[in-house]
Amino acid sequence: MKKMLAIHASPRGERSHSRRLAEVFLDVWQTANPEAQLTRREVGRASIPHVSEAFVAANFYPQPKARPLAMQADLQLSDELVSELIGHELLVISVPMYNFGIPSGLKAWIDQIVRMGLTFDVAQDSQGVAQYQRLLVGKKALIITSRGGSGFGPGGEYEAMNHADPHLRTALGFIGIDDITVIAVEGEESVAEVFRRSSDEAEGQLRELARSF
Ligand SMILES: Cc1cc2nc3c(=O)[nH]c(=O)nc-3n(C[C@H](O)[C@H](O)[C@H](O)COP(=O)(O)O)c2cc1C
């Protein structure tokens with residue numbers, strides 16, 4: 001059975017374009033896969049804790065299997081988020097561009113799920129240099145992103161200023177999720193017609209992709 005984890009990162013509800021497009025995609029996907037399981041994880045309108053000193057101490061405790069109980073408690077939510085991610089082979093992330101990057105709620109989620117020993121591992125080679133192992137291979141991800149401006153995509157005038165979906169590609173790739181499709185809608189801050197064209201194009205691509213995802 002297919003299992004999809006849908007993560008919404010916009011703090012906006014019905015006004016959010018990334019969220020709306022993701023829901024269009026999920027609707028078509030669910031119709032095409034009536035037996036599939038869909039789990040939603042809200043990170044835009046619900047608070048995911050930022051990294052704290054206690055989290056860092058617990059996360060990097062030298063003997064993870066002998067972590068004191070108090071430290072285990074500091075990692076409880078992170079453990080849940082990691083298990084949730086491990087348990088789904090398909091991932092959809094809807095995400096606005098905020099100040100050329102991703103909103104802090106989604107960044108907080110990334111910081112909770114990139115976990116040594118669980119989603120990646122590190123060992124030293126014969127020269128003592130760290131070698132990283134990606135533990136979450138075999139998954140597929142779709143990033144649906146909305147930007148107020150235009151030209152942030154591949155080959156665009158402002159491509160180099162886009163640290164949103166490229167950051168997600170890097171962070172997810174680091175833990176093994178490298179089969180990633182990005183579909184963007186641009187120009188919410190442009191005239192309505194420019195934005196409508198971009199939105200219609202993104203929606204068409206998503207409807208098509210949903211049938212085979
Ligand atoms: C705090 C904030 C920062 C933003 N920064 C950018 C930006 O750097 N580049 C851009 O093109 N649009 C920017 N925007 C516009 C959003 O990307 C745009 O409104 C997008 O549609 C938001 O996604 P949503 O509709 O899913 O909420 C910003 C909006 C806000 C509220």
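Where is the place of Gly-149? Select Gly-149 in the viewer: this residue sits in the loop between β6 and α6. The structure is a predicted model, in which local features need pLDDT of at least 70 and side-chain atom pairs count only at pLDDT 80 or more, while totals for chains, interfaces and linings use all residues. Residues are numbered from 1 along each chain as its sequence is written, and side-chain values use heavy atoms, with hydrogens and water left out.

**The whole span**

Select residues 2-201, which UniProt lists in an unreviewed entry as "domain: Flavodoxin-like fold". UniProt positions are given in the numbering used here, feature names are shortened, and annotations may be inferred rather than shown by experiment. The span is 35% helix and 22% strand, and its end C-alpha atoms lie 27 Å apart. Helices (H or I, at least four residues) and strands (E, at least two) are DSSP runs, numbered from the N terminus.

**The listed binding site**

Next, select the residues that the unreviewed UniProt entry gives for "binding site": Ser-10, Ser-16, His-17, Ser-18, Met-97, Tyr-98, Asn-99, Phe-100, Ser-146, Arg-147, Gly-148 and Gly-149. Of these residues, Arg-147 is included in the lining of the largest pocket. On a 1 Å grid over the protein atoms alone, a pocket is an open set of points where a 1.4 Å probe fits, with protein on both sides within 12 Å along at least five of seven lines; lining residues have an atom within 4 Å of a point.

Go back to Gly-149, which is partly exposed, with a relative accessible area of 26%. Here buried means under 20% relative accessible area, exposed means over 50%, and partly exposed is in between (1.4 Å probe, protein chains only). Not counting residues up to four places away in sequence, Gly-149 touches Glu-186, Gly-187 and Glu-189. Contact means heavy atoms within 4.5 Å.

Then pick His-17, in helix α1 (residues 17-32). Is His-17 buried or exposed? His-17 is buried, at a relative accessible area of 15%. With residues up to four places away in sequence left out, its contacts are Arg-12, Ser-146, Val-185, Glu-188 and Phe-195.

A salt bridge is a side-chain nitrogen of Lys or Arg within 4 Å of a carboxyl oxygen of Asp or Glu. By this rule the count comes to 14 salt bridges.

- Select Arg-19 and Glu-42: they form a salt bridge, with the closest N and O atoms 2.8 Å apart. Arg-19 lies in helix α1 and Glu-42 in strand β2 (residues 37-42), so the pair ties together parts that are 23 residues apart in sequence. Arg-19 is buried, at 11% relative accessible area, whereas Glu-42 counts as partly exposed at 25%.
- Select Glu-23 and Arg-40, whose side chains meet in a salt bridge (2.6 Å, N to O). This pair links distant parts of the chain, from helix α1 to strand β2, 17 residues apart. Glu-23 is partly exposed at 28%, and Arg-40 counts as partly exposed at 43%.
- Glu-84 is in helix α4 (residues 76-86) and Arg-41 in strand β2, 43 residues apart. Glu-84 is buried, with a relative accessible area of 14%.

**Helix α6 and its cover**

Select helix α6 (residues 165-174), where Asp-165, Leu-168, Ala-171, Leu-172 and Gly-173 are buried. An α-helix has 3.6 residues a turn, so residues three or four places apart point the same way. What covers these buried residues includes β3 (90-96), α5 (104-113), β5, β6 (140-147) and β7 (179-186).

Just after α6, Gly-176 takes a positive phi of about 115 degrees. Which residues are in contact with Val-137, leaving aside its neighbours within four places in sequence? They are Ile-175 and Gly-176. Val-137 is found in the loop between β5 and β6 and counts as exposed at 54% relative accessibility. Draw a distance from Val-137 to Asp-178: the two are 41 residues apart in sequence and 8.0 Å apart in space, C-alpha to C-alpha.

**A nonpolar patch**

Last, select Tyr-132 in strand β5 (residues 130-134). Together with Val-51, Val-56, Phe-60, Met-116 and Val-122, Tyr-132 makes a nonpolar surface patch of about 510 Å². Patches are made of residues with over 30% relative accessible area and no salt bridge; nonpolar side chains (Val, Leu, Ile, Met, Phe, Trp, Tyr) are joined within 5 Å, and like charges within 9 Å. Accessible areas come from the Shrake-Rupley method with a 1.4 Å probe, and for residues only the protein chains shown count as cover.
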